[in-house]
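I wrote down each thing as I looked it up.

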Amino acid sequence: MKRSTLILSVLLVLSAAGNLAVLGIFAGHWLRSGGGGGPPSSVERLMGLVPEPLRPEIDQAMRPKDEDVKAQMEAFRAARRTVTETLRQRPFDAAAAEAALTDLRQVTGRAQERLHRTIVERMEAAQAAGTLPPPPQRGGKGKPDKDGPPHPPPPPPGN
């Protein structure tokens, strides 16, 4: 076998291995995103701190049923589209990109404010009504929570 044929054969094998590795990475990413894998979003983490009985009420309050929420969602989508278009535009316009990202931050901030206000209002109302359950336990008995010290074990029944 010629030296050039041997080198080309080795390069072909390396190229095929590289392509398979890249395909595996993309397939793994695609399968994880379809199966709900990956880290939870900030909204999911926040809602995880809200007692379970209050979550449906908060979720319902944030649904796009009233015109205010619908307008807010459309503003978010429009801002996100503008960011995408601006970042893909060539020649790249740094001032336009900064303005688009600033608008997206403001729209996102308004949506976060609404969610935060809704959570506080619902939890405050449940507390006033005496129906606010204890905080959800993450990690089980004595296991550390990501955001703080370990939870103490629950008191024994009847005490």
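**Entry 1: Arg-114.** I looked up Arg-114 and found it in helix α5, residues 94-128. Helices (H or I, at least four residues) and strands (E, at least two) are DSSP runs, numbered from the N terminus. The model is predicted, so I kept in mind that local features need pLDDT of at least 70 and side-chain atom pairs count only at pLDDT 80 or more, while totals for chains, interfaces and linings use all residues. Residues are numbered from 1 along each chain as its sequence is written, and side-chain values use heavy atoms, with hydrogens and water left out.

Is Arg-114 buried or exposed? Arg-114 counts as buried because its relative accessibility is 14%; buried means under 20% relative accessible area, exposed over 50%, and partly exposed in between (1.4 Å probe, protein chains only). I then listed what Arg-114 touches, leaving out residues up to four places away in sequence: Ala-61, Met-62, Asp-66, Asp-68, Val-69 and Gln-72. Contact means heavy atoms within 4.5 Å.

**Entry 2: Gln-72.** Gln-72 is buried because its relative accessible area is 19%. Not counting residues up to four places away in sequence, Gln-72 touches Val-107, Arg-110, Ala-111 and Arg-114.

**Entry 3: the helix α5.** I checked the length of α5: it has 35 residues and reaches 50 Å from its first C-alpha to its last, close to the 51 Å expected at 1.5 Å a residue. The expected span is 1.5 Å times one less than the number of residues. Buried residues of α5 include Ala-97, Leu-104, Val-107, Arg-114, Leu-115 and Ile-119. I noted the general rule that an α-helix has 3.6 residues a turn, so residues three or four places apart point the same way. What covers the buried residues of α5 includes α2 (42-48), α3 (55-61) and α4 (67-88).

I also looked at what lies around the ends. Asp-93 caps the N-terminal end of α5, with a side-chain oxygen 3.2 Å from the backbone nitrogen of Ala-95. After α5 comes Gly-130, whose phi is positive, near 75 degrees. In the loop between α4 and α5 I found Pro-91, and the peptide bond from Arg-90 to Pro-91 is cis, with omega near 5 degrees. Most residues other than glycine have a negative phi, and most peptide bonds are trans.

**Entry 4: the largest pocket.** How much space lies in the largest pocket? I read off about 620 Å³. Of the 20 residues that line this pocket, the closest to its centre are Val-43, Met-62, Ala-111, Gln-112 and Leu-115. A pocket is an open set of points on a 1 Å grid over the protein atoms alone, where a 1.4 Å probe fits, with protein on both sides within 12 Å along at least five of seven lines; lining residues have an atom within 4 Å of a point. Grid points are joined across faces, edges and corners, and a volume is the space filled by probe spheres set on the points. The largest share of the lining, six residues, comes from α4.

Entry 5: I found Val-50 in the loop between α2 and α3. Val-50 is buried because its relative accessible area is 2%. Last, I noted that the protein has five helices and two strands.

Definitions and conventions: A polar contact is a pair of N or O atoms within 3.5 Å; within protein, one must be able to donate a hydrogen and the other to accept it, and residues adjacent in sequence count only if both atoms are side-chain atoms.
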